[in-house]
Amino acid sequence: METKDVFCKIVDGEIPCYKLYEDEDVLAFLDISQVTKGHALVICKKHYPNFLATPQETMHKVMDVAQRIGQVQIKMLGAKGVNILSNCYEAAGQTVNHFHVHVIPRYEKQEGFVLEMKENNKDLNLPSIQEQIKL
(Lines give C-alpha, C1' and ligand atoms only; values in the text may rest on other atoms or scores of the structure.)
Protein backbone atom coordinates (compact mmCIF):
# COMPACT_ATOMS: atom_id res chain seq x y z
CA MET A 1 0.00 0.00 0.00
CA GLU A 2 1.36 3.38 -1.03
CA THR A 3 1.55 6.04 1.66
CA LYS A 4 0.11 9.49 1.08
CA ASP A 5 2.44 12.45 0.77
CA VAL A 6 1.99 15.45 3.05
CA PHE A 7 0.11 17.44 0.38
CA CYS A 8 -2.40 14.63 -0.22
CA LYS A 9 -2.96 14.57 3.55
CA ILE A 10 -3.57 18.34 3.53
CA VAL A 11 -6.04 17.98 0.63
CA ASP A 12 -7.85 15.22 2.54
CA GLY A 13 -8.04 17.36 5.71
CA GLU A 14 -5.77 15.04 7.71
CA ILE A 15 -3.26 17.85 8.26
CA PRO A 16 -4.43 21.44 8.85
CA CYS A 17 -3.15 24.37 6.82
CA TYR A 18 -3.56 28.13 6.52
CA LYS A 19 -5.69 28.21 3.36
CA LEU A 20 -5.42 31.12 0.97
CA TYR A 21 -7.53 29.71 -1.86
CA GLU A 22 -9.45 26.56 -2.70
CA ASP A 23 -11.57 25.28 -5.55
CA GLU A 24 -12.32 21.78 -6.86
CA ASP A 25 -8.87 21.38 -8.48
CA VAL A 26 -6.46 23.68 -6.62
CA LEU A 27 -5.49 24.44 -3.04
CA ALA A 28 -3.20 27.27 -1.93
CA PHE A 29 -1.88 27.74 1.60
CA LEU A 30 0.94 29.29 3.56
CA ASP A 31 4.13 27.24 3.60
CA ILE A 32 4.80 26.10 7.17
CA SER A 33 8.50 26.96 6.57
CA GLN A 34 8.16 30.64 5.71
CA VAL A 35 11.22 31.60 3.64
CA THR A 36 9.85 35.15 3.55
CA LYS A 37 6.64 36.58 5.01
CA GLY A 38 3.72 35.25 2.96
CA HIS A 39 5.55 32.32 1.29
CA ALA A 40 2.72 30.28 -0.24
CA LEU A 41 2.32 26.88 -1.86
CA VAL A 42 -0.16 26.21 -4.64
CA ILE A 43 -0.95 22.55 -5.29
CA CYS A 44 -3.25 20.51 -7.46
CA LYS A 45 -5.65 18.44 -5.41
CA LYS A 46 -5.22 15.38 -7.60
CA HIS A 47 -1.85 13.74 -7.10
CA TYR A 48 0.78 14.18 -9.80
CA PRO A 49 4.45 13.75 -8.88
CA ASN A 50 5.71 17.05 -10.36
CA PHE A 51 5.24 19.83 -12.91
CA LEU A 52 6.54 17.67 -15.76
CA ALA A 53 4.01 14.90 -15.09
CA THR A 54 0.95 17.12 -14.63
CA PRO A 55 -1.67 17.48 -17.39
CA GLN A 56 -1.60 20.93 -19.00
CA GLU A 57 -5.13 21.86 -17.97
CA THR A 58 -4.34 21.19 -14.29
CA MET A 59 -0.95 22.88 -14.51
CA HIS A 60 -2.56 25.97 -16.02
CA LYS A 61 -5.10 26.15 -13.18
CA VAL A 62 -2.32 25.94 -10.58
CA MET A 63 -0.28 28.63 -12.34
CA ASP A 64 -3.33 30.91 -12.60
CA VAL A 65 -3.76 30.74 -8.81
CA ALA A 66 -0.01 31.25 -8.28
CA GLN A 67 -0.17 34.40 -10.41
CA ARG A 68 -3.13 35.76 -8.47
CA ILE A 69 -1.46 35.08 -5.11
CA GLY A 70 1.72 36.81 -6.29
CA GLN A 71 -0.32 39.86 -7.30
CA VAL A 72 -1.96 39.97 -3.87
CA GLN A 73 1.40 39.53 -2.08
CA ILE A 74 2.72 42.62 -3.85
CA LYS A 75 -0.43 44.65 -3.21
CA MET A 76 -1.25 43.61 0.36
CA LEU A 77 2.14 42.65 1.85
CA GLY A 78 4.19 45.31 0.13
CA ALA A 79 6.47 42.80 -1.58
CA LYS A 80 8.82 44.32 -4.15
CA GLY A 81 8.86 41.16 -6.29
CA VAL A 82 7.89 37.49 -6.31
CA ASN A 83 9.66 34.23 -7.13
CA ILE A 84 7.36 31.60 -8.61
CA LEU A 85 9.03 28.22 -8.91
CA SER A 86 8.50 24.50 -9.04
CA ASN A 87 11.26 21.96 -8.43
CA CYS A 88 11.16 18.72 -10.43
CA TYR A 89 12.98 15.72 -9.00
CA GLU A 90 15.39 15.49 -6.10
CA ALA A 91 18.38 16.83 -8.07
CA ALA A 92 16.47 20.10 -8.49
CA GLY A 93 15.48 20.33 -4.83
CA GLN A 94 12.05 18.65 -4.88
CA THR A 95 11.34 17.20 -1.44
CA VAL A 96 7.60 16.40 -1.75
CA ASN A 97 6.65 14.30 -4.77
CA HIS A 98 3.41 16.14 -5.46
CA PHE A 99 3.17 18.96 -8.02
CA HIS A 100 3.36 22.26 -6.21
CA VAL A 101 4.43 25.81 -6.90
CA HIS A 102 6.17 28.07 -4.41
CA VAL A 103 5.06 31.72 -4.50
CA ILE A 104 7.73 33.56 -2.52
CA PRO A 105 7.30 37.30 -1.98
CA ARG A 106 10.54 39.26 -2.05
CA TYR A 107 11.07 42.41 -0.02
CA GLU A 108 14.78 43.05 -0.49
CA LYS A 109 17.78 41.24 -1.93
CA GLN A 110 19.40 40.48 1.44
CA GLU A 111 16.74 38.22 2.95
CA GLY A 112 16.65 34.52 3.79
CA PHE A 113 15.88 33.16 0.32
CA VAL A 114 18.65 33.16 -2.28
CA LEU A 115 18.11 32.13 -5.87
CA GLU A 116 21.25 32.71 -7.85
CA MET A 117 21.90 31.89 -11.48
CA LYS A 118 25.49 32.05 -12.58
CA GLU A 119 26.80 32.02 -16.12
CA ASN A 120 28.19 28.59 -16.84
CA ASN A 121 28.54 28.40 -20.62
CA LYS A 122 32.30 28.48 -20.97
CA ASP A 123 32.93 25.14 -22.70
CA LEU A 124 29.43 24.34 -23.89
CA ASN A 125 28.49 23.67 -27.48
CA LEU A 126 25.22 25.64 -27.67
CA PRO A 127 24.28 24.49 -31.22
CA SER A 128 24.65 20.84 -30.13
CA ILE A 129 22.56 21.41 -27.00
CA GLN A 130 19.94 23.20 -29.07
CA GLU A 131 19.65 20.20 -31.42
CA GLN A 132 19.24 17.83 -28.48
CA ILE A 133 16.33 19.66 -26.85
CA LYS A 134 14.66 21.61 -29.67
CA LEU A 135 10.91 20.94 -29.88
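Colleague: What does buried mean here?
Modeller: Buried means under 20% relative accessible area, exposed means over 50%, and partly exposed is in between (1.4 Å probe, protein chains only). This is a predicted model, in which local features need pLDDT of at least 70, side-chain atom pairs count only at pLDDT 80 or more, and totals for chains, interfaces and linings use all residues. Residues are numbered from 1 along each chain as its sequence is written, and side-chain values use heavy atoms, with hydrogens and water left out.

Colleague: Why is Phe29 called buried?
Modeller: Phe29 has 3% relative accessibility. The limit is under 20%, so Phe29 counts as buried. Phe7 is buried too, at 6%.

Colleague: What makes Phe7 and Phe29 an aromatic pair?
Modeller: Rings of Phe, Tyr and Trp (its six-membered ring) pair if their centres lie within 6.5 Å; planes under 30 degrees apart count as stacked, over 60 as edge-to-face and the rest as tilted. For Phe7 and Phe29 the centres are 5.9 Å apart and the planes 65° apart, so the pair is edge-to-face. By this rule there are two aromatic pairs.

Colleague: Which parts does the pair of Phe7 and Phe29 tie together?
Modeller: Phe7 lies in helix α1 (residues 6-11) and Phe29 in strand β2 (residues 26-30), so the pair ties together parts 22 residues apart in sequence. Helices (H or I, at least four residues) and strands (E, at least two) are DSSP runs, numbered from the N terminus.

Colleague: Why is Gly78 called partly exposed?
Modeller: Its relative accessible area is 33%. That lies between 20% and 50%, so Gly78 is partly exposed. Gly78 is in the loop between α2 (56-77) and β4 (81-85). Leaving aside neighbours within four places in sequence, Gly78 is in contact (heavy atoms within 4.5 Å) with Gln73 and Tyr107.

Colleague: What makes a nonpolar core?
Modeller: A nonpolar core is a set of buried Ala, Val, Leu, Ile, Met, Phe, Trp, Tyr and Cys residues joined through side-chain atoms within 4.5 Å. The largest has 14 residues, and Val101 is one of those that touch the most other members. Helix α2 gives the most to this core, with five residues. Another core, of seven residues, lies apart from it and includes Phe7 and Phe29.

Colleague: How do you know that Val101 is buried?
Modeller: Val101 has 0% relative accessibility, and the limit is under 20%, so Val101 counts as buried. Val101 is found in strand β5 (residues 100-106). Beyond neighbours within four places in sequence, its contacts include Ala40, Val62 and Ile84.
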